[in-house]
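Here is a friendly walk through how two parts of one protein chain meet. Have a look at the model first, and then we can go through the contact together.

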Amino acid sequence: MERRILVTGAVGQIGSELIPALRAKHGGENVIAVGHKKEPTEEFRSSGPYETADTTDKEEIKSLIEKYDINTIYHLVGVLSAVGEKKPDLAWSVNMDGLKNVLDLAVEYKIDRLFWPSSIAAFGPTTPLENTPQRTVLEPTTMYGVTKVAGELLCQYYFVKYGLDVRSLRYPGVISWKTPPGGGTTDYAVAIYYDAVQKGSYDCFVGEETVLPMMYMDDAVQATIQLMEAEPEKITVRTAYNLTAVSFSAKELADNVAKHVDGFTCTFTPDERQKIANSWPSSIDDSKAREDWGWSHKFGLDEISGDMITNLTNNQ
Ligand code: AKB
């Protein structure tokens, strides 16, 4: 089947890197990037169609599905954890109303495959936080996490009730250099590289003992495409798959950055995001994703640091 792909949240952290990968694979004209407020780069605009739409407005998304004869959707747009705690109503409306609109339209237009991102934020303080199993307690204490659990169940409901082929991943913290940090709790693991290159120092907003699961963007893009290309019978989880690459403490991260940037120093001044970080797992069991559709990661912490520093230095 020729894929006609719509990607919402195009200018966000994952969209900015998933779209070029999808365009390289399926042809630029077959991948419709949909942004909202943030302006894309000229290169991004010129590599394929770019549209502006608000996903909470069903008619706007509907007209794009019709205009481009869409059969595949990556619905990436979302308000992340830290911003979600400041603006819970916005998080609910963007994360839930937007998803419900896209799910309903996917059924109406017989969309062949739909991807929606979940997150480690679906877990909470009552979850076993080490080597967190695929099936476990989901009692998040953030609005973002609440929308992730509700969203996962809604996706599964649409699969069971309507046969919609919807797939999802519980992303860990994703580290990348193309977009600056965007309102999440795992942002420190991105901001540290920006500040290391620009200032030679970083004041980290979580304590040095904080350990969270993380992944490099190249692996996140690979996992997303691999999941979406897997044969439907291989997908045995219709809520969202656990996914991870490496877990490290904020101190281990800072020490690793110092290996790559001479004279780098890091201080630790925890703020309100510490509480969110404490409620999330320190490591994840993603064996189901590895068994079902062959997931395996490539980047460890040292490779992530090397690549981040090289790219941020070259793009200063
Ligand atoms: C956040 O920190 O809010 C996100 C996430 C883990 O989903 N990066």
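A word on terms before the distances: the domain bounds used here come from an automatic or database domain assignment. The model itself is predicted. Domain 1 covers 5-173 + 215-242, while domain 2 is made of 177-214 + 246-283 + 299-314. Between the C-alpha centres of domain 1 and domain 2 there are 25 Å.

Where the two meet, domain 1 brings 28 residues to the contact and domain 2 brings 25 residues. Here are some values for this interface:

| Property between domain 1 and domain 2 | Value |
|---|---|
| Buried area | about 2100 Å² |
| Share of that area from carbon and sulfur atoms | 60% |
| Salt bridges | 1 salt bridge |
| Polar contacts | 10 residue pairs (both at pLDDT 80 or more) |

Which residues of domain 1 lose the most area to domain 2? They are Ile120, Leu129 and Tyr216, which together account for 29% of what that side buries.

For the charged side chains, Glu272 and Lys86 form a salt bridge, with 3.6 Å from N to O.

Now to the secondary structure. On the side of domain 1 that touches domain 2, two or more residues each come from α1 (15-26), α4 (81-86), β9 (211-216) and α8 (217-229). The largest share, 5 residues, is given by α4. Sorted by class, this side of domain 1 holds 12 nonpolar, 10 polar and 6 charged residues.

How values were computed:
Residues are numbered from 1 along each chain as its sequence is written. This is a predicted model: local features need pLDDT of at least 70, side-chain atom pairs count only at pLDDT 80 or more; totals for chains, interfaces and linings use all residues. Side-chain values use heavy atoms; hydrogens and water are left out. Contact means heavy atoms within 4.5 Å. Buried area is the accessible area (1.4 Å probe) that two parts lose on being put together, summed over both. A salt bridge is a side-chain nitrogen of Lys or Arg within 4 Å of a carboxyl oxygen of Asp or Glu. A polar contact is a pair of N or O atoms within 3.5 Å; within protein, one must be able to donate a hydrogen and the other to accept it, and residues adjacent in sequence count only if both atoms are side-chain atoms. Helices (H or I, at least four residues) and strands (E, at least two) are DSSP runs, numbered from the N terminus. Ala, Val, Leu, Ile, Met, Phe, Trp, Tyr, Cys and Pro count as nonpolar, Asp, Glu, Lys and Arg as charged, and the others, Gly among them, as polar.
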